[in-house]
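Please read the notes below with the sequence and the model side by side, and look up each residue as it is named.

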Amino acid sequence: MSNPSLLILPGDGIGPEVMAEVRKIIDWYGANRGLAFDVSEDLVGGAAYDAHGTPLHDDTMAKAQEVDAVLLGAVGGPKYDVLDFSVKPERGLLRLRKEMDLFSNLRPAQCFDALADFSSLKKDVVAGLDIMIVRELTSGVYFGEPRGIFEEGNERVGINTQRYTESEIARVARSAFELARKRGNKVCSMEKANVMESGILWRDVVTEVHQAEYADVELSHMYADAGAMQLCRWPKQFDVIVTDNLFGDLLSDMAAMLTGSLGMLPSASLGVPMANGRPKALYEPVHGSAPDIAGQGKANPIACVLSFAMALRYSFDQGAEADRLEKAVEKVLADGLRTADLLGEEGVSAISTSEMGDAIVAALTASL
Ligand code: NAD
Ligand code: IPM
Ligand code: MN
């Protein structure tokens, strides 16, 4: 049987820096666990624009559709601010999500014990936190029509449309309920049914899917603004949160700070199963290209490393190896190793991106 295939798209800014550390881990699994991947690498975002004049070449799009999983670093950066909207780096990522139909974006926020002191919230609020945000990723205001900047009378008007179909809501709701059954068996759905019709439909459909198929799971609803407040006040009340594309974007960045740093948060974007039974999948850190620290060896590679752990779990049925990798990260943090974003404690000095990658590899080897 041939090896599973992985397409690596490092992207821009710190993307290539954090991905270089993931490459070390992929090599480690090949050498030590008999888990070899057929790895290919290509361009996305600003890097693809520089080479081809487009943030995602059609050939790259076609490759992404064929492989077992895509791993992406980050896209974007100030250099590309001047570009036309249609070729901005972010459009490349959005095209991948849309054309691969990756409707379910899993964004876990887990607070490692070693970092409980580091969050900007009090230790007892975040210690032991383990929540999963399920963000709808292929619809809503990110993609709804009409959209654009138009002339109206003697001024310009900017338009985006929040649009959800019943089936789009139902499928992401199912994915949240399925996950909840394997975790704490609770789902909280967030929308703004008090002011938006799409929110009313969202609440109705989630409730219908729940009653028909998942009555064993505990379901609650919250307005997304109140949900944001509750995430800061007492995040441990949540298990799985399911929400739309835009609210999910905001709430997951906020959840990142519960764990100590945006540099800690991985994500999996999953679609429908392919012929081989694996879901279409793209794995990427929640953070962006971090232009303020790019090229300095300061980036925390853990979000990208943990995204690969999610790939092991959700694409390759290697839950035990995903656990091993997550434990290796936990060990390195428990040993006091920190990239600059996780500093603040007295007496700890920062290690570089590649030193962090090496330390994780060493912890993997020690786990054998
Ligand atoms: P960002 O996530 O790139 O950075 C926000 C802050 O977090 C910065 O101070 C940065 O230094 C820090 N940070 C982020 N990741 C880090 C890491 N791994 N280690 C240490 N510190 C880290 O968000 P931004 O500054 O708003 O956006 C920069 C660019 O990235 C924009 O072009 C944006 O569109 C893009 N972006 C891309 C993605 C993606 O590719 N998935 C996600 C978010 C933003
Ligand atoms: C994310 C990012 C993206 C989003 C951008 C870069 C398109 O912020 O993955 O969270 O808004 O979805
Ligand atoms: Mn975001």
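**Notes on the predicted model**

1. The buried residues of helix α1 pack against β1 (5-11), β3 (69-74), α10 (302-314), α11 (319-334) and α12 (353-366), where packing rests on contacts, meaning that the C-beta atoms of two residues, placed from the backbone, lie within 7 Å. Helices (H or I, at least four residues) and strands (E, at least two) are DSSP runs, numbered from the N terminus.

2. This is a predicted model, in which local features need a pLDDT of at least 70 and side-chain atom pairs count only at pLDDT 80 or more, while totals for chains, interfaces and linings use all residues. Residues are numbered from 1 along each chain as its sequence is written, and chains are lettered from A and ligands numbered from 1 in the order in which they are written. The chain averages a pLDDT (the predictor's confidence in each residue, from 0 to 100) of 96, and 98% of the residues score at least 70. For the complex, the predictor gives an ipTM of 0.98 and a pTM of 0.96.

3. Helix α1 covers residues 15-32, and its 18 residues reach 26 Å from the first C-alpha to the last, close to the 26 Å expected at 1.5 Å a residue; the expected span is 1.5 Å times one less than the number of residues. Its buried residues are G15, P16, E17, V18, M19, E21, V22, I25 and Y29. A residue is called buried if 20 or more other C-beta atoms, placed from the backbone, lie within 10 Å of its own, exposed if 12 or fewer do, and partly exposed in between. Just after α1, G34 takes a positive phi of about 60°.

4. Helix α10 is largely enclosed by the rest of the structure, because 12 of its 13 residues are buried. The partners of these buried residues are α1, β3, β11 (268-273), β12 (279-283), α11 and α12. From its first C-alpha to its last, α10 reaches 18 Å, close to the 18 Å expected at 1.5 Å a residue.

5. The UniProt annotation "binding site", from an unreviewed entry, covers D225, D249 and D253. These residues span 29 positions in sequence, yet no two of their C-alpha atoms are more than 14.3 Å apart, so they gather at one spot. Such annotations may be inferred rather than shown by experiment. D225 lies in helix α8 (residues 224-233) and is partly exposed, with 13 other C-beta atoms within 10 Å. D253, in helix α9 (residues 245-258), also counts as partly exposed, with 15 C-beta neighbours inside 10 Å. Leaving aside neighbours within four places in sequence, D253 is in contact with L262 and V286.
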